[in-house]
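Welcome! Have a look at the sequence and the model, and then let us walk through some of the details together.

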Amino acid sequence: MKTAKQEVSNRVKVPKGELVIMPERCKGCGICIEFCPKKVLVFSKEYNPKGYYFPLAANPQECSACNMCSLLCPDFAIYLNKSVSEKTDEQ
Ligand code: SF4
Ligand code: SF4
C-alpha cells in the first residue's frame, strides 16, 4: 500500500557525494543560492508546481560539501548526501 506522495528529486554527483534537490518543496527564496560559498547553485529557468524557480547545480564540481545549503534551507528542499561518495565513483 502506498500512502506517501512521491516527490521528485534531482540528484547531482558532487566530489564528496551527491546534492539532492527537491523542486516541489522549494519556495524560491534563493537562500541556498545566495549563501553557497562556491557558487554551485543557480535558479532554474522553469517553475516548480508551486510557481517558484528552484535551485539547480550549475557547477557541481565546485561543491566543497560544506552543507550550508542544507542547513539554511527553510523547507528542507536541498541536502547533501555524503554516503554515496564511494559508491558512485565509477561514474
Ligand atoms: S554543500 Fe556547500 S558548496 Fe555544496 S552546494 Fe551546498 S552550500 Fe554550495
Ligand atoms: S533555500 Fe530551499 S526553499 Fe530557498 S531556494 Fe533554496 S531550496 Fe528553495
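## A pair of strands

Strand β2, made of residues 17-21, pairs with β5 in the antiparallel sense, and four bridges link the two. Within this pairing, V20 stands opposite Y79 of β5. Two strands are said to pair if DSSP finds at least two bridges between them, and strands themselves are DSSP runs (E, at least two residues), numbered from the N terminus.

A word on the background: this is a predicted model, in which local features need pLDDT of at least 70 and side-chain atom pairs count only at pLDDT 80 or more, while totals for chains, interfaces and linings use all residues. Residues are numbered from 1 along each chain as its sequence is written, chains are lettered from A and ligands numbered from 1 in the order in which they are written, and side-chain values use heavy atoms, with hydrogens and water left out.

## The whole sheet

β2 also pairs with β1, again in the antiparallel sense, over five bridges. Here N10 stands opposite I21 of β2. β1 and β2 form a hairpin, with two residues between them.

Which strands form the open sheet, and in what order? Three strands build it, in the order β1-β2-β5, with antiparallel pairing. β1 (10-14) and β5 (78-81) stand at the edges with a single partner strand each, so one side of each has no neighbour in the sheet. From one strand to the next, the twist averages 20°; the axes behind such angles are lines fitted to C-alpha atoms, and angles run from 0 to 180 degrees between N-to-C directions.

## A buried asparagine

Now find N48, in the loop between β3 (41-47) and β4 (53-57). Is N48 buried or exposed? N48 is buried, with a relative accessible area of 6%; buried means under 20%, exposed over 50% and partly exposed in between, using a 1.4 Å probe and protein chains only.

Leaving aside neighbours within four places in sequence, N48 is in contact (heavy atoms within 4.5 Å) with P23, E24, C26 and F54. A polar atom of the N48 side chain lies 2.7 Å from the backbone oxygen of P23.

## Around the ligands

The residues around ligand 1 include L19, K38 and C63, and those around ligand 2 include C26, P55 and I78; each has a heavy atom within 4 Å of its ligand.

Notes: Polar contact = N/O pair within 3.5 Å; in protein donor to acceptor, adjacent residues only side chain to side chain.
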